[in-house]
Amino acid sequence: MAAQKKPVYLTPQGLERHKEKLKNLIEVKRKEISEYMGSAIADGDLRESAAYDEARLLQSANEAEIANLEELINRAVIVEPKTGADASAGLGAIVVLEDEDGDHETFHLVGTHEADFLAGRISDESPFGEAIMGKHEGDTVHLPDGDTYVIKEITFE
């Protein structure tokens, strides 16, 4: 009996981004690789063709990425945020934090497969994300590194 794989929690926007990437890999990238492979084959002896070997590697990597994205999408659980008076920081929340100096930073709480710290999208499973999850506006957040923030605003896209 195969072990059941754990669900992948995504925001609706995150699922759309993954679907768009999958569509591009299937409809655009496959065609580009096929054309590249065709030109490598047309060049002659495949036993000594670095271009053909490269095309095969690109094809293999593209197909693996397609399979991974299909698996991720099939395991996706879309998380709809709670809004209104009960709004708390959860997946999909855009959280504005104020540090001890009064500076503001904005983060978007997302699932692990959507995280991109440089773009301000932090994983709910990261220490930073875990510290924010479930908090409300006005709550104080103590991070593992010792920094303290106050949640100034929670909104949703």
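Is the crossing of H1 and H2 left-handed or right-handed? I began my notes with this pair in the predicted model, where local features need pLDDT of at least 70, side-chain atom pairs count only at pLDDT 80 or more, and totals for chains, interfaces and linings use all residues. Residues are numbered from 1 along each chain as its sequence is written, and side-chain values use heavy atoms, with hydrogens and water left out.

**Helices.** I looked up helix H1 (residues 12-42) and helix H2 (residues 50-75), whose axes come within 9 Å and cross at roughly 160°; helices here are DSSP runs of H or I with at least four residues, and strands are E runs of at least two, numbered from the N terminus. The axes are lines fitted to C-alpha atoms over the stretch in contact, and angles run from 0 to 180 degrees between N-to-C directions. H1 is therefore roughly antiparallel to H2, a term for angles over 145 degrees. The crossing of H1 and H2 is left-handed, meaning that the near helix is turned anticlockwise from the far one by less than a right angle.

**Strands.** I then found strand S3 (residues 93-99) joined to S4 by 5 bridges, with the two running antiparallel; strands pair if DSSP finds at least two bridges between them. Glu98 has His104 in S4 as its bridge partner. S4 and S5, by contrast, pair in the parallel sense over 3 bridges, and Val110 stands opposite Ser123 in S5.

**Glu114.** Last, I checked Glu114, which lies in the loop between strand S4 (104-110) and strand S5 (121-123). Glu114 is buried, at a relative accessible area of 4%, where buried means under 20% (1.4 Å probe, protein chains only).

Conventions
Buried < 20%, exposed > 50% of the residue type's maximum accessible area, 1.4 Å probe, protein only. Parallel < 35°, antiparallel > 145°, perpendicular 65-115°, else oblique.
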